[in-house]
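I list below what I looked up, in the order in which I looked.

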Amino acid sequence: MHGENAESLREDWGSVLFVDLRNFTNLLEFYGAQKLEEVLDEMFVDFRRVVESYGGSVDKLVGDGMIAVFRDDRERVGGEGSGTRRENLTNKLV
């Protein structure tokens, strides 16, 4: 890649977790937009807390979904790779 953004890019290993709320349309019809927005806000606060407790960071919140990133930094987390942390987190969120 060439250009001014090429210097800011780096190669790294890690995991990405995509979370999407199932049956969003049905929930919207049942709760209404305002109530569902409150529920989503609370849910994303909880998700962010759990993701960060496993060493990840929330990259994006998109509608009823979330993208979280876990960098593979085994030395910092005592030998546990990002894939293991992602799997443990997924079990906690389900």
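Is F47 buried or exposed? I find F47 buried, with a relative accessible area of 13%. My cut-offs are under 20% relative accessible area for buried, over 50% for exposed and partly exposed in between, with a 1.4 Å probe and protein chains only.

Ground rules. This is a predicted model, in which local features need pLDDT of at least 70 and side-chain atom pairs count only at pLDDT 80 or more, while totals for chains, interfaces and linings use all residues. Residues are numbered from 1 along each chain as its sequence is written, and side-chain values use heavy atoms, with hydrogens and water left out.

Entry: aromatic pairs. I searched the whole structure and got two aromatic pairs. In the pair F30 and Y31 the ring centres are 5.0 Å apart and the planes stand at 85°, an edge-to-face arrangement. The rule I used takes rings of Phe, Tyr and Trp (its six-membered ring) as a pair if their centres lie within 6.5 Å; planes under 30 degrees apart are stacked, over 60 edge-to-face and the rest tilted. F30 is exposed at 66% relative accessible area, and Y31 is partly exposed at 40%. The other pair is F44 with F47, where the centres are 6.4 Å apart and the planes lie at 75°, so I logged this pair as edge-to-face too. Both F44 and F47 sit in helix α2 (residues 33-53), three residues apart, about one turn of the helix. I take helices (H or I, at least four residues) and strands (E, at least two) as DSSP runs numbered from the N terminus. F44 is buried, with a relative accessible area of 9%.

Entry: core. Which residues make up the largest nonpolar core? I get 12 residues in all, among them F44, F47, L17, V58 and F70. A core here is a set of buried Ala, Val, Leu, Ile, Met, Phe, Trp, Tyr and Cys residues joined through side-chain atoms within 4.5 Å. β1 (14-20), α2 and β3 (65-71) each supply at least two residues of this core. The largest share, six residues, comes from α2.

Entry: D64. I listed the contacts of F44 (heavy atoms within 4.5 Å), leaving out residues up to four places away in sequence, and D64 is one of them, along with L61, G63, G65 and M66. D64 lies in the loop between β2 (57-62) and β3. D64 is buried yet has no salt bridge, and R22, the nearest side chain of opposite charge, is 10 Å away. For charge I count Lys and Arg as positive and Asp and Glu as negative, and do not count His or the chain ends.

Entry: salt bridges. How many salt bridges does the rule give? The count is two, with a side-chain nitrogen of Lys or Arg required within 4 Å of a carboxyl oxygen of Asp or Glu. D46 pairs with R49, the closest N and O atoms being 3.9 Å apart. D46 and R49 are three residues apart in helix α2, about one helical turn. D46 is partly exposed at 40% and R49 is exposed at 51%. D59 forms a salt bridge with K60, at 3.4 Å between the closest N and O atoms. D59 is partly exposed at 45%, and K60 is partly exposed at 45%.

Entry: backbone. N23 has a positive phi of about 60° although it is not a glycine. I place N23 in the loop between β1 and α1 (24-31), partly exposed at 47%.
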